[in-house]
Amino acid sequence: EMTMHINQKKEQQEQLLAVQQRITATSSQWSIVAPDRYLVREGDITYYTEKGKMASGHLYLLNDLLLLTSSNEASVITQVFAGRNKKTHHLIASLSLRHLTLDESAISLHEFRLVFGAHDERQWRFLCESTEEAVSWTDSLRDTTVLYLRQLDYDDEEGSEELTKDYVHTLKQQMQALRVENTKLLDIHMRGLQRKEELVATVAQLERQLITLSTALG
């Protein structure tokens with residue numbers, strides 16, 4: 001069991017190092033490698049810039065950080081000609097989960113929003129290719145943030161002791177309840193859109209029938 005734990009830690013550190021090598025930052029001292037840090041998930045995303053324009057990006061969700069990067073096309077071209085066809089990303093933002101909040105009121109079919117900052121809040125808006133992807137990202141962000149904040153609270157109270165199995169089980173039950181509620185809300189929204197499309201189709205059909213009758217009555 002101890003050997004498995006050591007191997008897992010080693011794999012996590014190697015994974016973080018690989019991620020860091022794919023990201024270019026303004027500071028040469030910037031590093032994401034830390035003993036208790038690990039990658040939760042990553043994926044391509046569309047985000048809105050401060051000027052309100054859509055841009056292609058890539059998200060890296062760690063257990064305590066969210067990294068937003070954008071594609072570095074120049075680097076891609078340079079590396080292809082250099083014989084290293086490996087995409088790199090520019091670091092746009094490194095957001096601590098301590099000050100990151102999911103805006104539950106702004107979740108829609110393909111979009112989710114995050115609010116970052118304890119005082120001067122900045123809103124980040126993201127677009128996904130599907131509803132399922134948006135739900136998956138919000139679930140991951142919510143679950144990871146809750147676990148991280150709970151761990152911080154626990155560490156403050158109990159030192160460096162690990163969370164008990166019962167406590168983790170309770171957290172998972174709470175998260176599952178949130179997922180179910182979120183799915184219900186999205187389902188209601190989807191049914192509303194479907195009903196709207198049916199009404200629009202019915203109105204269009206009636207308009208065509210009226211035109212046909214008007215022509216016949218001439």
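**View 1. Lining of the second largest pocket in the predicted model.** By class, three nonpolar, six polar and four charged residues line the second largest pocket (nonpolar: Ala, Val, Leu, Ile, Met, Phe, Trp, Tyr, Cys and Pro; charged: Asp, Glu, Lys and Arg; polar: the others, Gly among them). The volume of this pocket is about 170 Å³. Of its 13 lining residues, Asp44, Ile45, Thr46, Ser56 and Gly57 are the closest to the centre. A pocket is an open set of points on a 1 Å grid over the protein atoms alone where a 1.4 Å probe fits, with protein on both sides within 12 Å along at least five of seven lines; lining residues have an atom within 4 Å of a point. The volume is the space filled by probe spheres set on the points, which are joined across faces, edges and corners. The model is predicted: local features need pLDDT of at least 70, side-chain atom pairs count only at pLDDT 80 or more, and totals for chains, interfaces and linings use all residues. Residues are numbered from 1 along each chain as its sequence is written, and side-chain values use heavy atoms, with hydrogens and water left out.

**View 2. The stacked pair Phe112 and Phe126.** The ring centres of Phe112 and Phe126 are 5.2 Å apart and the planes are at 25°, so the pair is stacked (centres within 6.5 Å, planes under 30 degrees apart). Both Phe112 and Phe126 are buried, meaning under 20% relative accessible area with a 1.4 Å probe, protein chains only.

**View 3. Surroundings of Leu66.** Leu66 touches residues including Leu59, Ala93, Leu114 and Leu141, not counting residues up to four places away in sequence (contact: heavy atoms within 4.5 Å).

Methods: Rings of Phe, Tyr and Trp (its six-membered ring) pair if their centres lie within 6.5 Å; planes under 30 degrees apart count as stacked, over 60 as edge-to-face and the rest as tilted. Buried means under 20% relative accessible area, exposed over 50%, partly exposed in between (1.4 Å probe, protein chains only).
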